[in-house]
Amino acid sequence: MNRAFRPLLATTAIFVLAYIAAVLQYPSMLSTRVLGNFLTDNAFLGIAAVGMTFVIISGGIDLSVGAVIGFSTVMIATLIMWAGLHPFVAFAITLVVSAGFGAVMGAAIHYLKVPSFIVTLAGMFLARGGASVLSPDSIGIKHEVYTTISRSYILLPGGGRLTVIAMIMLTVFVVGIVLAHRTRFGSYVYALGGNETSAALMGVPVARTTILVYTLSSTLAGIAGIVFSLYTSAGYSLSALGVELDAIAAVVIGGTLLTGGYGFVAGTFIGVMLQGLVQTYIVFDGTLSSWWTKIVIGGLLFMFILLQRLVFSASTPRKKAFRKS
Amino acid sequence: MADEANPVLEARGIVKIFGQHRALDGVDFAVRPGEVHALLGENGAGKSTLIKILTGAYQPDGGEIMLDGAPVRFTDPLNAQGAGIGTVYQEVNLLPNRSVAENLFLGRQPTRFGLVQRKAIVSQAAALMATYGLDIDVRAELGSYSVAVQQIVAIARAVELSGKVLVLDEPTASLDRNEVDKLFDVVAKLKARGLGIIFITHFLDQVFALADRVTILRNGQLIGTRDLSQLTATEVVRMMLGKDLAYGHSALPVAEAAKGPVKVTFSGLGHAGRMAPFTLSLHEGEVVGVAGLLGSGRTEMARLMFGVDTADEGEITVSGKPVKIRNPAQAVMAGFGFCPEDRKLDGIFGELSVRENIIIALQAKLGWFRALHRDEQDEIAGRYADDLDIRAANHDMPVKLLSGGNQQKVILARWLANDPTFLILDEPTRGIDVGAHAEIVRTINRLREDGLALLVISSELDEVVAYSNRVVVMRDRQMVAELHGADITPAVIVGAIADNSIPTEAQV
């Protein structure tokens, strides 16, 4: 059994146990309605977290994600409401801009040899500042496309609703899983996170892969921005504050090693769902402050970092001797 | 072996200059298909520079490289690999976090509709590993296998991708005996397939066991290329260390009698897998020289003594009292000092001033709360700088601006300021221009006369002879000989280093 699976298994087990415990206390939590809301409410976080998973597996970090989401919502709102563009045109422009933004950050990280932490921190300020310059106030979006999309859903057995934005998130996860595990690009990302020098010596196109990883992350942040604007029907420069940190938490809780090289996109999904579960529990409880979500997430994060230490360093890989052939 | 075979890879008159230092000076080297060609030389001889030029990591400043008789120019290691030259390093340059199969096929995975065909990769990888006599689960992480298996995977990848010349850069340094045998089987098979194999190692017995020819470098110069069937181990060591034995030596051996009571005793000190237990006593006013080839355990011995590596057996007594040394801080408290081999890496703080470098160990010993006054610092630094004749414009200039010899003396001053009873010097004259060697040797002799106990590790046998009361010889991480009095001559030391290192007589 691959030791990289262990944190993922632990996360899954904790999610299942926590859900069972929550259901025992509030039986109504066991319904497709609650599950459907999980997916809808965390769609933008999940999409951004898929990009973050790739970045972290490659050995980097992307702090600009939340700001790019915020910038995207404002850009979409201004393009639709002020420039009068059709939403789908606005979406396309936003995705091109966010992809370009990520590519520039990736290029800076690779060619200037600046740590990703610094480059994406600069990117965060740029995107957040740019959004405020476009419009410091929240802009409501009124367009029939928005109304149609928010009214469309697939009815699940038990009355739950699988909304369009939930489906977008699920699609992103499936594509992310295939990209990570079944393509050369995916193997290059793991290679970079394992050992960049070795990867380069083995012929991995380090520059291209680094740029693509950050392009992917920013593009997904752009998609998350679209989803966020659909979710709130507004564009606001201060929306999605701190989402990059929630995404990092989801990725790490999902079993991805913060130092790179190991991780699963599917684990990130569980990490996002676990955060959603905690929020929903607090809503059901009704007496707890919503800040308890942060406290629980903090505790979980700490536990998982500890767990990864135990799995990856304290227990050095078992040495397999030569088998007699 | 076909003596007349044309070389597959040939280097002619290679010159490489770093700054003012000629790392390689007109070196010729050729490897034929179907031969294992060993490349030998001490640290700084130019082995790794030559390999880096042959594999495209460096560009030569002169000379030419011929592949299959045609001149070539490699821009980088990937380029050389594509041309047919694969390299496997001591530190396996693969991805421990990915599966064996992926390591073998990374960058050339078979795909269908853009998706990697995992089953095909796994079956091809398993088949490939089987040809190397390895029956392993290729889906498991590479890092979960022993270094030996990782080496073989690295060799398999290199051979698959290049297939003309295989460079093995110290592949056996971290393998045990069985693993070395396994690796040698693999190399023998590849040799039979007609690959030219360049083998770099510090283990002479392995050279004799595996290689057909040997090329020896010293100080960037080609000493010679010989058939190993016509050489003895002693001749090889002599070529490597460059001691002209017929010439003898004129320096008077240091009198053995003139020494004080026992100062430090290491009894049965050892670390499983790194250093066989050894026992050594040092007297006041005595210099014990340590001789041996690189990788023989010289530095490991010093690191154990100083607590850099923690010994897992044995005892240490200082002036008759047992002491516990589990880390360097305890060693310093016990009155030990250690000038490491790689000054730049482990010794000096390049950005700090001469004064700060000298007082730092003393300050560490005093602790945080008894900061040395600036006047005291100046006084101490000035005294030792004068004593050791450290030539610096002033004592506040950064140490990195000093010459190698003066840097070495700064480190020496640092420990002397600590008033040590026992000092370990690892290669004190390495990387220092020849003129300054004599000065370091004089300094060592003076410290001895002052009553210090010194352990000096050195590859420069003439120098070892000039200052040692006794010489211990290391081989295969064991202390194999202790030489006294009239036996302390380069010839005897070379004999002791080379002794028994001819193949098959297992010593482990």
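Before the interface, a definition: two residues are in contact if their C-beta atoms, placed from the backbone, lie within 7 Å. This is a predicted model, in which local features need pLDDT of at least 70 and side-chain atom pairs count only at pLDDT 80 or more, while totals for chains, interfaces and linings use all residues. Residues are numbered from 1 along each chain as its sequence is written, and chains are lettered from A, with ligands numbered from 1, in the order in which they are written.

With that in place, 25 residues of chain A are in contact with 26 residues of chain B. On the chain A side, the elements giving two or more residues are helix H9 (184-194) and helix H10 (196-201) of chain A, where helices are DSSP runs of H or I with at least four residues, strands are runs of E with at least two, and both are numbered from the N terminus. The largest share, 5 residues, comes from H9(A).

As for chain A as a whole, its secondary structure comes to 14 helices and 4 strands. Its radius of gyration, taken over C-alpha atoms, is 20 Å, close to the 20 Å that the globule rule gives for 325 residues, so chain A is as compact as a globular protein of that length; the rule is 2.2 Å times the number of residues to the power 0.38. Among contacts in chain A between residues at least 6 apart in sequence, 79% join residues at least 24 apart.
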